[in-house]
Amino acid sequence: MEKVDVVLGLQWGDEGKGKVVDVLTPRYQVVARFQGGPNAGHTLEFEGEKYVLRSIPSGIFQGGKVNIIGNGVVLDPILFREEAEALVASGHDLTRRLYISKRAHLILPTHRMLDAAYEAAKGSAKIGTTGKGIGPTYTDKVSRTGMRVGDLLGDFEATYAAAKARHQAILRSLGYECDITELEKKWMEGVEYLKRFRIIDSEQTINDLLAEGGSVLAEGAQGTLLDVDFGSYPFVTSSNTVCAGACTGLGVAPNRIGEVFGIFKAYCTRVGSGPFPTELFDADGERMCSIGHEFGAVTGRRRRCGWLDMVALKYSIMVNGVTQLIMMKSDVLNDFDTIKVAVAYRMQGRTVEHFPYSVEGDVEPVYREFKGWKCDISGMRTYEEFPAELKSYVEFIEEQTGVPVKIISVGPDRAATIVR
Ligand code: GDP
Ligand code: IMO
Ligand code: MG
């Protein structure tokens with residue numbers, strides 16, 4: 001019996017999961033998304049083309065592999081259709097090799113509106129969500145009032161109408177009176193489009209494949225510090241982004257998990273509200289943002305930037321059981337004289353090395369400084385070519401975490417990837 005390997009983000013999302021999944025896909029037969037929805041924006045670049053995927057797994061470009069949208073995902077038929085049609089238009093036909101779980105929950109037009117209304121009601125305490133209706137959809141799932149992809153195969157009109165009426169009552173109570181006729185029409189068209197794909201019991205398909213010796217790569221969305229249990233609550237997303245989420249989001253048992261690829265940027269970014277201990281408000285932060293093009297793939301929002309946070313990284317590695325580390329965007333630090341890494345926090349006069357319950361308020365990172373490599377590494381293709389300063393940085397991370405850094409990314413293109 002083969003195992004399921006998992007790719008997941010160790011920071012606040014946008015670590016480069018899409019690129020890594022694309023690079024790793026040739027090793028697998030199936031790639032499956034296990035949580036999140038169109039709040040994700042996974043960017044892939046190869047052969048001069050650039051693609052941004054939201055709900056469709058990042059394994060669709062390499063070798064005609066089967067890709068699965070698992071039960072843990074929340075799916076918006078409108079956005080799914082836009083995404084799939086754009087791919088088809090660019091020559092990537094998916095209908096026969098993109099499967100969708102019957103158990104995946106549907107994002108309704110009113111879920112998006114509720115997301116906006118809840119955010120507005122929070123005022124300055126808003127989460128800064130992606131506005132895709134993620135929270136309200138997962139809320140309905142847990143409240144046992146959600147609608148699933150499998151429902152679309154039967155008569156779903158009454159279920160849909162009941163959900164819509166319930167949502168509209170909430171919206172009215174919040175002072176929103178909205179006309180959803182247009183959006184609803186697009187949603188229904190999206191539903192019809194969705195039915196072209198194979199709607200399956202994905203947990204059975206995946207486990208049958210594993211039993212036959214097939215291999216599966218599970219693709220995470222968001223990042224560990226946005227996990228609903230382990231992230232900086234309440235400034236989190238509404239799903240379990242950690243490795244355990246691959247078990248519940250695909251229906252694979254914990255003992256079926258193989259390698260856990262933990263992805264991190266050589267620095268840190270965060271989009272949306274919430275604590276970020278190593279955030280920079282100076283010229284270094286500006287440089288990271290401009291050199292790293294740190295603007296959201298989905299919302300276009302500017303990402304907040306800061307130094308690598310070892311306290312948070314070790315915590316993420318612990319809760320995920322990471323077996324291999326993957327460092328991304330190393331090239332963004334090419335020009336820095338000094339590179340810093342937080343190795344502890346100073347909080348209320350104490351030095352803290354374990355990621356605490358709350359990192360809000362007075363948290364001062366204790367930095368260890370590294371000499372920058374000050375050269376362009378983006379054309380390098382072997383670890384041996386790397387400057388000594390970069391090797392020291394990588395070795396420091398390995399020594400601190402006890403986990404090998406197996407892949408180092410030096411540019412957005414598929415080819416700019418060093419596998420050790
Ligand atoms: P994801 O959500 O984790 O898939 O990451 P995103 O796609 O949202 O953000 C990562 C961004 O960094 C994308 O624009 C990638 O093209 C880009 N990227 C990935 N790896 C590298 C790298 O090593 N260097 C640089 N400069 N950009 C990278
Ligand atoms: P990928 O997969 C970065 C953030 C939002 C917000 C919080 C909650 O591309 O890494 P939500 O819409 O999920 O209710 O928003 O989570 N967020 C992300 N940040 N990358 C993502 O996905 C994100 N998905 C959600 O900005 O702070
Ligand atoms: Mg992203």
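**Exercise 1.** State which residues of helix α11 are buried, then describe the helix and what follows it.

*Solution.* Step 1: in α11, the buried residues are L390, Y393, V394, F396, I397, E398 and T401; buried means under 20% relative accessible area, exposed over 50%, and partly exposed in between (1.4 Å probe, protein chains only). The structure is a predicted model, in which local features need pLDDT of at least 70, side-chain atom pairs count only at pLDDT 80 or more, and totals for chains, interfaces and linings use all residues. Residues are numbered from 1 along each chain as its sequence is written, chains are lettered from A and ligands numbered from 1 in the order in which they are written, and side-chain values use heavy atoms, with hydrogens and water left out.

Step 1: an α-helix has 3.6 residues a turn, so residues three or four places apart point the same way.

Step 2: helix α11 covers residues 388–401, 14 residues in all, and spans 20 Å from its first C-alpha to its last, close to the 20 Å expected at 1.5 Å a residue. The expected span is 1.5 Å times one less than the number of residues. Helices (H or I, at least four residues) and strands (E, at least two) are DSSP runs, numbered from the N terminus.

Step 3: just after α11, G402 has a positive phi of about 75 degrees.

**Exercise 2.** Classify the aromatic pair formed by Y315 and F355.

*Solution.* Step 1: rings of Phe, Tyr and Trp (its six-membered ring) pair if their centres lie within 6.5 Å; planes under 30 degrees apart count as stacked, over 60 as edge-to-face and the rest as tilted. This rule gives 14 aromatic pairs.

Step 1: Y315 and F355 are 4.9 Å apart, centre to centre, with 35 degrees between the planes, so the pair is tilted.

Step 2: Y315 is buried, with a relative accessible area of 18%, and F355 is buried, at 15%.
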